[in-house]
Amino acid sequence: MTPPLAMSYVLTWLVLMVFLALTVGSSYIAMGPWNTAINMGISCAKAALIALFFMHLRGAGALLRIAALAGLLWLALLFGLGWSDFGTRSISPAAWSR
Amino acid sequence: MPTAQFDSTLERREASLLGMWAFLATEVMFFGPLFFGYWHGRLYQPDAFVAGSHHMHIVLGTLNTALLMTSSLTMALAVRAAQHGRPLRTWLGLTALLGLAFLGIKATEWLMEFGDAANASGGEARFYFLYYAMTGLHAVHLTVGVGVVAWLWMHARRFNAAYHAPVEVSGLYWHFVDIVWVFLYPMFYLLERYR
């Protein structure tokens, strides 16, 4: 694999900066729950850019891609199991947390 | 020639990268519960989280985000320089300095917010707890990163086009720490700023 051009890193950085401007700008426009959705969407896009270009996942083999996704898969499983608990029960605070 | 346990230099290179990606997967698990705690609080105590977020210094936070993303660029360029066997000390030095600048600004913010945090109660106290725990854990990781980059800088002469795995692997770690911040920034600084 030949290493990517320096220009591709600079372009990635420029797009990251544009995303940063978008995420700050959008948070000053009232959109209710969409503000959070947009902010998290932009964060995911930034993370994907960093992983694909700076961390070279774009040119990586299957082994590295699977290893990179393994952590996210487990996180998704544990978030899913966690929410299935908190999301389906009402909270009764303990005496000390009332 | 690679040592006996590898069939090729390519396999050896992939083994070191795989090791770091496996470690980063455990790091995702390490940060995961704090993220879960945050989103639980955000859902059940949304107003307190918005109130807490409005005490954050958005200019410093945004500047820090830009600094850290720029440090990822200089780290990527350091790895690229190493891959081509070119001098990499300038890029490593810039990366470490940007990391230190981030830590300095972060420490200043912590001190500025401490009064508000100490007097907070209920959901807002929870917001501050998560803020200090998550940005603190992130700063610990970044401090380790600055140490690793300083070590690479000291040993920069060892690396060449054929051997630069430590630089590549440290780069992966640095970018991971950047990604964590990419999520922390909107979670703590950008809640209902339009109010």
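Select helix H2 of chain B, residues 46-53, in this predicted model. Its buried residues are Ala48(B), Phe49(B), Gly52(B) and Ser53(B). A residue is called buried if 20 or more other C-beta atoms lie within 10 Å of its own, exposed if 12 or fewer, and partly exposed in between, with C-beta atoms placed from the backbone. Look down the axis of H2(B): the buried residues fall within an arc of 135°, so they line one face of the helix. The arc is that of the directions from the helix axis to the C-beta atoms. An α-helix has 3.6 residues a turn, so residues three or four places apart point the same way.

Now show what surrounds that face. The buried residues of H2(B) pack against H1, helix H5 (122-154) and H6 of chain B. Helices here are DSSP runs (H or I, at least four residues), strands likewise (E, at least two), and both are numbered from the N terminus.

A word on labels and limits before going on. Residues are numbered from 1 along each chain as its sequence is written, and chains are lettered from A and ligands numbered from 1 in the order in which they are written. Because the model is predicted, local features need pLDDT of at least 70 and side-chain atom pairs count only at pLDDT 80 or more, while totals for chains, interfaces and linings use all residues.

Stay in H5(B) and pick Ala150(B), which is in that helix. Ala150(B) is partly exposed, with 16 other C-beta atoms within 10 Å.

Next, select H3(B). The 26 residues of H3(B) should span 38 Å at 1.5 Å a residue, and the end C-alpha atoms are 38 Å apart, which agrees. The expected span is 1.5 Å times one less than the number of residues. After H3(B) comes Gly85(B), with a positive phi near 70°.

Zoom out to the whole of chain B. Chain B has 6 helices and 0 strands, and its C-alpha atoms fill a box of roughly 60 × 30 × 25 Å along the principal axes. Of its 195 residues, 39% are buried. Among contacts in chain B between residues at least 6 apart in sequence, 82% join residues at least 24 apart; two residues are in contact if their C-beta atoms, placed from the backbone, lie within 7 Å.

Chain B gives 35 residues to the contact and chain A gives 37 residues. On the side of chain B that touches chain A, the elements giving two or more residues are H1 (9-44), H3 (58-83) and H6 (165-189) of chain B. H1(B) supplies the largest share of that side, 12 residues. By class, that side of chain B has 21 nonpolar, 9 polar and 5 charged residues. Nonpolar means Ala, Val, Leu, Ile, Met, Phe, Trp, Tyr, Cys and Pro; charged means Asp, Glu, Lys and Arg; the others, Gly among them, count as polar.

Chain A has 3 helices and 0 strands, and of its 98 residues 23% count as buried. The radius of gyration of chain A is 19 Å, but a compact globule of 98 residues would have one near 13 Å. That radius is taken over C-alpha atoms, and the globule rule is 2.2 Å times the number of residues to the power 0.38. Color domain 1 (1-55) and domain 2 (61-89) of chain A separately; the bounds come from an automatic or database domain assignment. The C-alpha centres of these domains of chain A lie 22 Å apart.
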